[in-house]
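Q: I would like to learn how to read a model like this one, feature by feature. Could you walk me through it?

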Amino acid sequence: MTLTGEREAWGQSVDGHVATEYGQYADTDHVFVETPSIAGTVSNPTAGWSVGGHYLVDVVSAASVDIVSTASRAWHEVRQEGSVEGAYKPKTFGVQAHAAVSDEPDYLSLSAGAAMTQDLWNKNLTWLLGYAYGHDVAGRTGTPFSVFSHAIGRHAIDGVLTLVMSPTTVGSLIGDLVLENGDQSKPYRYIPLFAPGTSVPNGASIGQVNSLRATARPLEQLPLSRQRYGLTMRLAHRFSHATLRLDERLYVDSWTMKATTTDARYLVDLGPRVETGPHARLHAQTAVDFWQRMYTFGPGFEVPALRTGDREIGPLVNVTGGWTVRFGIGSDATPTSWVLGFDLNVTSTQYLDDLYVTARTSVLGGVTLETDL
C-alpha cells in the first residue's frame, strides 16, 4: 500500500509535529553549556493514539570555583539523552508509557514509567495517575563502573487533577512523590574541614579557606535515602488576545528542605503571526538539615558523618526574568504551520550561607523551530 493509501486508511487524521531547538547557558561561575535537540510526535486524534520521542546533547565546559578550589583543571563533558513515549486514549479512558536514557562519561540514567487517565463530567474533569522507576549509576570518568560506582534507585508517583473551570480557564492540581535510595554523593567533591572555633566568613575566597582549613579533606557524604514531596497548582486563562499561565509549587523532603517556586508567563498576540511576552520566576528554599557553611572535625580528628559542599541544597533565593517571541512563518492560509521561537532568561541567585560564592548570574537563551506535518 502506498503512503497515500495508508493515510486514507487511517481516516486522513494522522498528524505530525517536529521541533528542533538550540540553547546556550552561561553563568558567572564559568560554566557554559550548549544544547541542540530534536523532538517529534505522530498522532491520530480520531483513533486516540500518539507516539513521540526526543534526543538532545549537552556540551558542557566548566571552570567553576568548585573545580578551582580542588586544584583541578577546567573540564569538558558531553551528555546525550533520548526518550520515547506513547499514549492511547480512544474515548474517555487512556494509558501512557515512556522510557528515557541519559549517558555521560561518569553517569548513566535509565527510566521507564506508565500512567492511566480518565475524563469525567463530560470531559470537564480529568484525573491521571502515573508511576516511574529510574536506575542511575554514578562513577568516575575513566574508571569502569565495575571498579567504582554508586547505584541509585528512584520510584516516582504522580497524581494530576485537571478542571475546566470555564471555556477560557483551566486549573490543575499536581502531586508528586519521589523515593530515592542509594549514595548520591559526588565522587569529585572534597569537603574542607576546620578546627573547632575557627571562623570562616560567608563567601570566603579559596585563599582564605586554604589558609584556615585542616590538611584532611574528606569526600562528600550524603544520606543514603531521600523522600521528596511536591504539590503544584496551575492556572491557565485565555483572554481575547493573550494567554496567562500561573504556577505555584510547594516542596518538602526528608532532608528537611522546604521550597516554594512561583512561575508566571504572559503571551500576547500581536496578530496572526506573532506572539510575545514576559516570563518571571521566584524560587526560595531552606537548607537541608545537615548543611553547614564550614564543617569542623571532632575529638581525635573525627570527620562529620554527613557533609556536603553542594550549595544548591543550601539556603538560597533566585529570581528569573525572561522574554519569549514566537513568529508564525508558514503560508498565509496556515501561518503557524511553521513557528520560529526565541527565548531569553536571566537568573540571579543569592547563596545565603556558603563558602566561595554568594551570588551567581546565569543567562539561558534558546532558538526553536517547529512545524506541523
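Q: What share of the contacts with a separation of 6 or more comes from residues 24 or more positions apart?
A: In the protein chain of this predicted model, such residues account for 59% of the contacts with a separation of 6 or more.

Q: How many helices and strands does the protein chain have?
A: The protein chain has 3 helices and 18 strands. Its C-alpha trace spans about 80 × 45 × 40 Å along the principal axes.

Q: What percentage of the residues is buried?
A: Of the 373 residues in the protein chain, 35% are buried. The accessible surface of the chain comes to about 20,100 Å², and carbon and sulfur atoms hold 64% of that.

Q: How many positive and negative side chains are there, and how far apart do the centres of the two sets lie?
A: The protein chain has 27 positive and 38 negative side chains, with the centres of the two sets 3 Å apart.

Q: Let us turn to strand pairing. In which sense do β6 and β7 pair?
A: Strand β6 (residues 107-120) and strand β7 (residues 125-138) pair in the antiparallel sense, over 14 bridges.

Q: How should I think about side chains along a strand?
A: The general idea is that in a regular strand the side chains alternate between the two faces of the sheet. For a single residue, you can then look at accessibility and partners. Take Asp-119, which is found in strand β6.

Q: Is Asp-119 buried or exposed?
A: Asp-119 counts as buried because its relative accessible area is 10%, and the cut-off for buried is under 20%. The side chains of Asp-119 and Lys-89 are joined by a polar contact of 2.9 Å. Beyond its neighbours within four places in sequence, Asp-119 is in contact with Lys-89, Lys-91, Thr-92, Leu-125 and Thr-126.

Q: And what can I read from Thr-169 in strand β9?
A: Thr-169 lies in β9, which covers residues 169-182. With a relative accessibility of 12%, Thr-169 is buried. A polar contact of 2.6 Å links the side chains of Thr-169 and His-237. Leaving aside neighbours within four places in sequence, the contacts of Thr-169 include Leu-163, Val-164 and Leu-235. Now look along the chain: Arg-189 is 20 residues away from Thr-169, and their C-alpha atoms are separated by 47 Å.

Q: Where are His-30 and Thr-256 found?
A: His-30 is in the loop between β1 (15-27) and β2 (31-44). Thr-256 is in the loop between β12 (242-253) and β13 (258-269).

Q: What relative accessible areas do His-30 and Thr-256 have?
A: His-30 has a relative accessible area of 45%, so it is partly exposed. Thr-256, with 34%, is also partly exposed.

Technical notes: Residues numbered from 1 in each chain as written. Predicted model: local features only at pLDDT ≥ 70, side-chain atom pairs only at ≥ 80, totals over all residues. Heavy atoms only, no water. Helix = DSSP H or I, 4+ residues; strand = E, 2+ residues; numbered from the N terminus. Buried < 20%, exposed > 50% of the residue type's maximum accessible area, 1.4 Å probe, protein only. Polar contact = N/O pair within 3.5 Å; in protein donor to acceptor, adjacent residues only side chain to side chain. Contact = heavy atoms within 4.5 Å. Areas by Shrake-Rupley, 256 points an atom, 1.4 Å probe, with all protein chains shown as cover. Lys, Arg positive; Asp, Glu negative; His and termini not counted. Charge placed at Lys NZ, Arg CZ, Asp CG, Glu CD. Pairing = 2+ DSSP bridges.
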